[in-house]
Each structure stands twice: as C-alpha cells, then as structure tokens.
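Colleague: I am new to this structure and would like a close look at a single part. Please pick a helix and take me through it, then set it in its surroundings.

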Amino acid sequence: MAFFYEEPSKTFSEYLLIPGFSDGNCVPEKVDLSTPLVKYKKGEEAALRMNIPMVSAIMQSVSGDKLAIALAKEGGVSFIYGSQSIESEAAMVAKVKAYKAGFVPSDANLRPDNTLGDLLKLKAACGHSTMAVTEDGTLNGKMVGLVTSRDYRVSRMDKATKVSEFMTPIEKLVTVPEGTSLHDCNDVLWEHKLNALPVIDKEGKLKYFVFRKDYESHKDNPLELLDDDKRYIVGAGINTRDYEERIPALLAAGADVLCIDSSEGFTQWQKNVLAWVREKYGDTVKIGAGNVVDGEGFRFLADCGADFIKVGIGGGSICITRETKGIGRGQATAVIEVAKARDEYYKETGVYVPICSDGGIVHDYHMTLALAMGADFLMLGRYFSRFDESPTAKLLVNGNYVKEYWGEGSNRARNWQRYDLGGEATLKFEEGVDSYVPYAGSLSDGVRMTLAKIRSTICNVGALSIPELQDKAKLTPVSATSIVEGGAHDVILKDSTPNINR
C-alpha cells in the first residue's frame, strides 16, 4: 500500500518568523550573508564560499555571461545554462573568467580600412566604446591604433570615413610591454589619466587591455566573488547525457563549479555522473546535484558524492511538473525536511553538504524564510530574469516593459536532457511555460534592495549571520485569513507600494 504523509506540504507563504530580541549590536550593516557553496568536513572551511546566498538558475532565459558577471560583482554565482552546444557554453564561461582577470582580451577589434559605419555596427553588437585597431582586425593582430567615443562625432562625420582617419595612432598611445605586472599597469593608468591601457608583445601585437574600470570595480562592489587570480567565480550546468565531453570543456574554459541540471535527482543517471566525476577528478571538481524533496533523496545524492544538493520540484513560476505529472512537494516542507536530513548526515559523517532551495520564491521575504528553514543558499530564476543583464529581450507589452521568461521544460527551450529518464532523446510533453515577467532594471539595484530586506529581517530575529538565523529562528504557520491580514487591506490604495512584489 502507498505511504501517505499525515500533514499537507506547505509553501513559504504559509509561514512567518516570530521576532526575537535584538541587542544594540544587531544592525543590518553588521549582518554577514556569506555561506558555503560546496561541502566541507567538520573543522575545515568550504573550498568555495559565496558572499551572498544567491545563485542564478540554469536556464536559457536567465544565466548568460552578462548576468554571471553582474551577479559575481554582488557576491553570488551564476550557473551558465547547459541547454546549448558544448562550445557555446564553454565560450560563455571563458568570457566570464576573462572579464576580471585584470588583463582582458580585446573582443571588439577593427581594421584601419573599416569605416565609421562598421564601427557603429560593432559597437551596437558588443556594447563597447573602446576598440582596438589592428592590421588584420583580429584580437591579437599587430596594433596600429585605438578608437574611443572621443575620436568621432556621428552627427558631423560621414559613415564612410575610414577608421584610419580618426583613430589615435599607435605612436601617440601609451602602451606597456607584455610581462608588466597588473600593479604597474594600474600605476600607468593613473599617472597618464587613461581609461584603457594596451599591453603589447615584442612584435607589436596586441595581447590585452587593462581598464581603469576594473581597478575601481572592487571599491563599488566590496562583496564581489573572485578566485585566486582575481577572476570572477562562475558555475556551469551539465546534463546526464553528454557529460563526458561537456565537463572537460567547461573545466578547460575555467568553470569553478558544476551542477547537474535536472528536475528530479533521485536517479541512477545522476549517480552515474557523480561516480564518473569522482573517478576521473577526485574531489578537485566541485559538482552539485538534484533536485530532491525529502531526506531519502538527499542522503542518496550525498552518498553519491554531491558537493551541494538542490531542493524543490515543481515550485518554479514557469514550472508545470506538478500539474503535468503529479509529482513534487510544497517548497517550505521540502526545505525543512531536507535540512533535517543534512544536519543528521553532518552528525553521522562529519561532512556538511549545503542545500540550495530551488523554486517557490515569490516575495523577497520568502528568501529569508527559506534560509531560516535551513537552506544555505537559493537558486533563483524568475527573480533574475527580470533584470537588464538576463539574456532575454526587453519588450513593451500593453504599455508596460517586460522581459521574456520561459522554462527549460517548455517547447521553446526543448531541454529534454533536464527531464531525462534514460529513454529516447526527445521532448515528449512540456513541463514548463513561455511567459513574460515585469522588467525590473539593473541587477545591482534589485539585489541590493532584496539583501537590505533580508539583513533587516535577520536582525529582527536577533541574529547576525545565516547560521545564527537558523539557530534562533522561530517560525509559525499562518492561516489563509492571516495571510490576507498581513497585506494592505480595508483601505483604498493611492498607488501600488513600490518595494512590495505583487
């Protein structure tokens, strides 16, 4: 006979936090939101930690290289979507790793015989105003000049004008030879009041640029997440089919952490992937797995060697797995049970395996609830899809700006690998929808507002860190009536409240 749970599973909206005593030291500015990304042994530090508890979902409509860079600046990690060719995913990873290396390869290059029109098309495509001019127009060609937005005026120049006529020639540029340290390059930038400094090899070929904005970036983004070489941390999604080819390519491109992208992780297929990774790379490669919704699923993946485990099935705003297949669990209940299993596993083995709450986040306060219930960090799709940096188009629909957002199980994504059960390589039915989300501006502004709310709530509980929040939190179930009571009611609103997601 089937097993029946006595209690219904619950969502985040069915809980509230009870305030605890906050002493004079408990102010939002002192709240530490750092959290482990991968497993570690008792008494040791995790090999990878984040400065904020946020990662972006492994989705075509969310995690491209631009969002990965923007999120790393804030202290989180993006997982570049895997439902694309191995080559294109690896190229995205490489682009993120190159961005903050200090020495940046030039990805916008012109020939002297290109025209102003060519320059404007390239600028529209890449978004850069500083462009190298090389003899052959390649990134490592012999450098002959540099073009910035100060070198031309579109309104007063013919678009047929050759680049060679208005560029700053190499003879008038300040350059440094290959091998110059980043510290010395920054000194040259400041001494000569430059925005970009070309690094040239012995043959006069362009190797890299060093930009003033990279030097200033850390001051503007004190929580930015960097590796030992001062490059941004980035993750990448994989599937259970082509992992033997995809993983080596992603690692070669510089991926810091991997994650199996699947709607359901309690499977032989994920066990096979984890076993292959451990046999080939040992513990040097960090890889997450999932998704699961109970303690049994957690223990299975932990025993298989997962570095972190994602929790949640069917809770995403574009996911219709529950109504299509009838499997899943309320996200709050799933997180609570898996967190208990994680703590039991830690006591038994001395190994702490972080859990990631994936799905079910509607309001910002849900994030704090998920953390209080035991999640170490959150994977967010809809939340990040709304920002400028997501890969989708910004559209004007019915007078409002929106961005496109579709599920990996939708016909548009055709990511059958995510729902792979070892059968025919095809998408037989949809488990996701194609939709719009309200446009929300820049990622930095949105994330910083959300984190301000989380820090404030953690202080209300009387805590100053995520572990302390989990230790001190008191959660109460709420009735349907009290949910209504918790919002604006029995008044005529003059306007929608700007900092509440409705």
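Modeller: The buried residues of α12 are D364, H366, M367, T368, L369, A370, L371 and A372. One point before going further: this is a predicted model. Helix α12 runs over residues 364-372. Of its 9 residues, 8 are buried, so the helix is mostly covered, where buried means under 20% relative accessible area. The buried set includes D364 at one end of the range and A372 at the other. H366, M367 and T368 belong to it too. So do L369, A370 and L371. Just past the helix comes G374. Its phi is positive, at about 130°.

Now compare a strand. β16 covers residues 287-292. Here 6 of the 6 residues are buried, so the rest of the structure largely encloses this strand. β16 has a partner, strand β15, which spans residues 257-260. The two pair in the parallel sense, over 2 bridges. In this pairing, C259 stands opposite G288 of β16.

Another strand group is worth a look. β11, β12 and β13 form an open sheet, in that order. The pairing in this sheet is mixed. Its edge strands are β11 (176-177) and β13 (206-211), and each of them pairs on one side only. β12 takes in residues 196-200. β11 and β12 pair in the parallel sense, again over 2 bridges. V176 stands opposite V199 in β12. As a general point, side chains in a regular strand alternate between the two faces of the sheet.

Step back to the whole chain. It holds 16 helices and 24 strands. Buried residues make up 51% of its 502 residues. The radius of gyration is 25 Å; a compact globule with 502 residues would have one near 23 Å, so the two agree. Along its principal axes, the C-alpha trace spans about 80 × 60 × 45 Å. Take the contacts between residues at least 6 apart in sequence: 64% of them join residues at least 24 apart.

Last, the surface and the charges. The accessible surface comes to about 23,900 Å². Carbon and sulfur atoms account for 51% of that surface. The chain carries 59 positive and 69 negative charges. The mean positions of the two groups are 4 Å apart.

Definitions and conventions:
Residues numbered from 1 in each chain as written. Predicted model: local features only at pLDDT ≥ 70, side-chain atom pairs only at ≥ 80, totals over all residues. Heavy atoms only, no water. Helix = DSSP H or I, 4+ residues; strand = E, 2+ residues; numbered from the N terminus. Rg over C-alpha atoms; globule rule 2.2 N^0.38 Å. Buried < 20%, exposed > 50% of the residue type's maximum accessible area, 1.4 Å probe, protein only. Contact = heavy atoms within 4.5 Å. Areas by Shrake-Rupley, 256 points an atom, 1.4 Å probe, with all protein chains shown as cover. Lys, Arg positive; Asp, Glu negative; His and termini not counted. Charge placed at Lys NZ, Arg CZ, Asp CG, Glu CD. Pairing = 2+ DSSP bridges.
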